[in-house]
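Q: Could you take a close look at one part of this structure with me? I'd like a connected walk-through that I can follow on screen.

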Amino acid sequence: MKKTLFDKVWDAHVVKEIENGPQILYIDKHLIHEVTSPQAFGELEQRGIPVFRPDQIVATADHNTPTVDQHLPVKDALSRNQLAQLTENCKKNNITLYGLGHKYNGIVHVMAPELGITQPGMTMVCGDSHTSTHGAFGTIAFGIGTSQVAQVFASQSLLLQKPKSLRVNVNGTLKSGVLPKDVILYIISKLGTNAGTGYFCEYAGNVFEEMSMEGRMTVCNMSIEMGARGGMIAPDQTTFDYVKGREFAPQGADFDKKVAYWKTLPTDENAIFDKEYHFDAADIEPMITYGTNPGMGIKISENIPVENNASFEKSLAYMNFEKGQSLVDKEINYVFIGSCTNSRIEDFRVAANYIKGKKKADNVTAWFVPGSQQVAEQIVQEGLNEVFENAGFTLRQPGCSACLAMNDDKIPEGEYCVSTSNRNFEGRQGQGSRTILASPLVAAATAIEGKIIDITKQLN
Amino acid sequence: MDKFVKLSSTAIPLAIENVDTDQIIPARFLKATNRDGFGENLFRDWRFHKDGSENEEFVLNDTKFQGSILVAGDNFGCGSSREHAAWAIHDFGFKVVVSSFFADIFKGNALNNGVLPVQVSPEFLKELFDAIEKDSKTEIQVDLENQQITLLATGASAIFEINPYKKTCLINGYDDIDFLLSNTSEIEAFEKTLS
């Protein structure tokens, strides 16, 4: 029987199959953060159940942390309490925590890959839907609810039905200025927000093979925005080179042994997927969203479609856009470059490359938030911070920030924000805020121009 | 976990598609460290204006509609994995959510909290919306044992799918932790096979 990448990793982790029921799936790594773990710790404590494998859990503080003055006590009492609980729970249960200010601190889906915690062929979970990010390494990684966080604490396993398989192929040559973010926004705009529900998605084709690990992470990150619990890309030399030498990666002969195994993981030729789609890379252009779900995306050069249904109209009313309208020249006062989708070094290189020698538009408030302490450090090492400062931008400290606006980084009511994050839901970036999702290049251009521009015109 | 066997109730119609978990419970309410009280902020930004006054146009504020069944548009619960969304729905008093499609993580979270997601065809969903719209007192029966949802006034009914294991859990109020812990020795044996 020909197997897919997903089958190979999944089948290697099945502890037991229950007749007419789910399977017990073993979890190699469990990542936790302050927002979705406290109730799980509470439940275990209440039931007198110990944490089964504390060594396989890594914690970070990211969702609810300030992005300025991290050395000071957190001002908001509820946030401070949540962070204190994470610290206490980790200490009590012997779990490694990279808390605020630690050199390894950062957004969970940025810090784990850069530390080599994420490795091909693993199963990984986290109480966060963007755990799909780690699939970029050929890892089965998916978001779970807090009850499941408690289950993994208790048994390092989950009870699951094996999902169906889906493959999205993109082949051809990407146009200049088309970034991994555009590729995934394009795919979601074509397939819709629930095409992947019930499926695990593999991305295949030369476009993904030629992408960096950062780019692959951006793509896999947004799998959940088309409903797929996870997205995967076959591990290859790019993957091995990225993992090699990182803090928690296997070393020496162990590494070579692992690579030999990882090389067996790619999908067998002629393996069958339950659903498959093909796209031509040449059809993709820089994308933006105009509505209140990530499937509502268009090429910047296109107009908002004309659809007559109540949900579509409700969405446009919230955004204060008209059917058929072009978003080019739309004035924008807020720009956010950050989030687990686009806060890695490559994203800031793209932004700096565009910004170099230009000045920030006066009307724009821009938040540039690196995904981790390590990314922040690298920005300084590469001199990108000088580019940003000379243009009138300041860099903030790592965290999820305005992606979900749990901290003080909130977009004011009624304002538009061109954002490199992953969700444009109503109020996602602050009550009444209006989010336009885009790549770091489009976000940087918006910050310079103070309005949305057709970036393709500048590039060609 | 609450048991769920059978329920008859009037329903609240939420005819909006792609209801995401940020609408069910906005992120700013995720700072709590226990599971209680999330119902207060269920659909917060649709139920209340920014000044805290009630949005009379929102269906949950329409006293005509009551009950422990929420009937919602396609692709309910998409977005974030926050189980707070399921807690909020449960805490508000809903025992059942009916839709033509559910997002995966929400569905699992609901089942883990004794809230039954009932997936029906788009046609049957429309029939439910129409019936509730016509008569807000119309009762809907959800029978987990027989996996059947019925509009009591007309007798129109549909069968819904549920994983047999999850069905047993709901009917008996079991949760997955108990089951996983009963398999610890097998999990430990499996670990020994990992290199």
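**Where the chains and domains meet**

A: Across the interface of chain A and chain B, the rule finds 8 salt bridges (a side-chain nitrogen of Lys or Arg within 4 Å of a carboxyl oxygen of Asp or Glu). This is a predicted model, in which local features need pLDDT of at least 70 and side-chain atom pairs count only at pLDDT 80 or more, while totals for chains, interfaces and linings use all residues. Residues are numbered from 1 along each chain as its sequence is written, chains are lettered from A and ligands numbered from 1 in the order written, and side-chain values use heavy atoms, without hydrogens and water.

Around the interface as a whole, 67 residues of chain A touch 55 residues of chain B, contact being heavy atoms within 4.5 Å. Chain A and chain B bury about 4,900 Å² between them, 56% of it from carbon and sulfur atoms (accessible area, 1.4 Å probe, lost on putting the two parts together and summed over both). On the chain A side, Q39(A), L159(A) and Q431(A) lose the most area to chain B, together 13% of what that side buries.

Now look for G427(A), G430(A), P26(B), A27(B) and R28(B): they lie nearest the centre of the second largest cavity, which has 13 lining residues. A cavity is a set of points on a 1 Å grid, over the protein atoms alone, where a 1.4 Å probe fits but cannot get out, and lining residues have an atom within 4 Å of a point. The second largest cavity has a volume of about 110 Å³, the space filled by probe spheres set on the points, which are joined across faces, edges and corners.

Staying in chain A, you can pick out domain 1 (5-275) and domain 2 (303-459), with bounds from an automatic or database domain assignment. Their C-alpha centres lie 25 Å apart, and the contact takes 40 residues from domain 1 of chain A and 38 from domain 2 of chain A. The two domains bury about 3,000 Å² between them, 54% of it on carbon and sulfur atoms. The count of salt bridges between these domains is 1.

Finally, both domains of chain A give residues to the lining of the largest cavity, so this cavity lies between them. It holds about 210 Å³ of space, and of its 23 lining residues, H63(A), D128(A), H130(A), L404(A) and R428(A) are the closest to the centre.

Methods. 1 Å grid on protein atoms, 1.4 Å probe; cavity = no way out; pocket = protein on both sides within 12 Å on 5 of 7 lines; lining within 4 Å.
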